[in-house]
Amino acid sequence: MSLFEPMRPFGATTRTYEQRAPERIRIGSSRFTGWTFADGAVRVLRSQGHCAGHVIVHLRDPGVLHLSDEGNGPCGAMADADQLKIQTVLGAVALLFEEGRAALLTDGHTFALRRGAEVVPYLDGLLEQTTALQETALGLLGESGPVRPSEFGARYVEAVTALGGGGANPNEMFFAMMAVNQLRELGLRPESADPDAPWSRPPLRNPTARAPEQGPGS
């Protein structure tokens, strides 16, 4: 049942907002897709970074922006996380605050209420952690070729901890999921389905290259 659907008698048919056609929503100079309710006072905005289908919520009149889980760490941990979308929505939300379209920021993990001038530096800090962590991860890979996730993960945890970017509820599983997603973000793929199989970058292929000609009887 949708958060925005009224309570109905048991057994009655309900509709979620995903069953409605998405709308184009403009807030200041930012453009989103999503759904509006109460004549636009409630805006459910598609973000899809933390996981597929993820949304953030903007309450127009009180100026509240609920970031949901999009800001939980510099690298999304879920299997279907989209790192680029996480970074994009953080930048878009920062712009809403810079333009005065929002005044209060909440999220799904820290239980903090951030106001006005403190919001943009906070969001910029998350973006800086993201780029710093990717740079660190590239340094951990070096030029050594294939890397085992267990070995990379152990060093990656140290880097995340040093940056203070473990999210609001860090734990071993969360860090391991972040490490795997970071390897994928950097273009590496597992070489086999074996547990802890090495990861490496697939060889580059020229799609316009001609296959070698084969002689008679080959």
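User: Leaving aside neighbours within four places in sequence, what is phenylalanine 152 in contact with?
Analyst: This is a predicted model. In it, with neighbours up to four places along the sequence left out, phenylalanine 152 is in contact with Ala137, Leu140, Leu141, Val147, Ala179, Gln182 and Leu183.

User: Where is phenylalanine 152 placed?
Analyst: Phenylalanine 152 sits in helix H3.

User: Buried or exposed?
Analyst: Phenylalanine 152 has a relative accessible area of 0%, and the cut-off for buried is under 20%, so phenylalanine 152 counts as buried.

User: How far is its C-alpha from that of leucine 140?
Analyst: The two C-alpha atoms, of phenylalanine 152 and leucine 140, are 7.2 Å apart, and the residues are twelve places from each other along the chain.

User: Gln182 was in that contact list. Which element holds glutamine 182?
Analyst: Helix H4.

User: And what does glutamine 182 touch, not counting residues up to four places away?
Analyst: Glutamine 182 touches Cys75, Leu133, Gln134, Ala137, Phe152 and Tyr156.

User: Is glutamine 182 buried or exposed?
Analyst: Glutamine 182 is buried, because its relative accessibility is 2%.

User: On to the helices. At what angle do H3 and H4 cross?
Analyst: Helix H3, residues 149-163, and helix H4, residues 172-185, cross at roughly 105°, and their axes come within 9 Å. The range for roughly perpendicular is 65 to 115 degrees, so H3 is roughly perpendicular to H4.

User: Which residues make the contact?
Analyst: From H3 the contact uses Pro149, Phe152, Gly153, Tyr156, Val157, Val160 and Thr161, and from H4 it uses Phe175, Met178, Ala179, Gln182 and Leu183.

User: How do those divide into nonpolar, polar and charged?
Analyst: In the contact of H3 with H4, nine residues are nonpolar, three are polar and none is charged.

User: What about H2 and H4, how do their axes cross?
Analyst: The axes of helix H2, residues 119-141, and H4 cross at roughly 80° and come within 11 Å. H2 and H4 are therefore roughly perpendicular to each other.

User: Which residues of H2 and H4 meet?
Analyst: On the H2 side they are Leu133, Gln134, Ala137 and Leu141, and these meet Met178, Gln182, Leu183 and Glu185 in H4. The contact of H2 with H4 has five nonpolar residues, two polar and one charged.

User: Now serine 30, where does it lie?
Analyst: Serine 30 lies in strand S2, which covers residues 30-37. Its relative accessible area is 6%, so serine 30 is buried.

User: What does serine 30 touch beyond four places in sequence?
Analyst: Ile25, Ala92, Leu95 and Leu96 are touched by serine 30.

User: Last, the whole protein: how many helices and strands?
Analyst: The protein has four helices and nine strands. Starting at the N terminus, the elements go β-β-β-β-β-α-β-β-α-α-α-β-β.

User: What share of the residues is buried?
Analyst: Of the 218 residues in the protein, 40% are buried.

User: And the contacts, what percentage is between residues 24 or more positions apart?
Analyst: Among contacts with a separation of 6 or more, 47% are between residues 24 or more positions apart.

Definitions and conventions: Residues are numbered from 1 along each chain as its sequence is written. This is a predicted model: local features need pLDDT of at least 70, side-chain atom pairs count only at pLDDT 80 or more; totals for chains, interfaces and linings use all residues. Side-chain values use heavy atoms; hydrogens and water are left out. Axes are lines fitted to C-alpha atoms, for helices over the stretch in contact, and angles run from 0 to 180 degrees between N-to-C directions. Helices (H or I, at least four residues) and strands (E, at least two) are DSSP runs, numbered from the N terminus. Angles under 35 degrees count as roughly parallel, over 145 as roughly antiparallel, 65 to 115 as roughly perpendicular and the rest as oblique. Contact means heavy atoms within 4.5 Å. Ala, Val, Leu, Ile, Met, Phe, Trp, Tyr, Cys and Pro count as nonpolar, Asp, Glu, Lys and Arg as charged, and the others, Gly among them, as polar. Buried means under 20% relative accessible area, exposed over 50%, partly exposed in between (1.4 Å probe, protein chains only).
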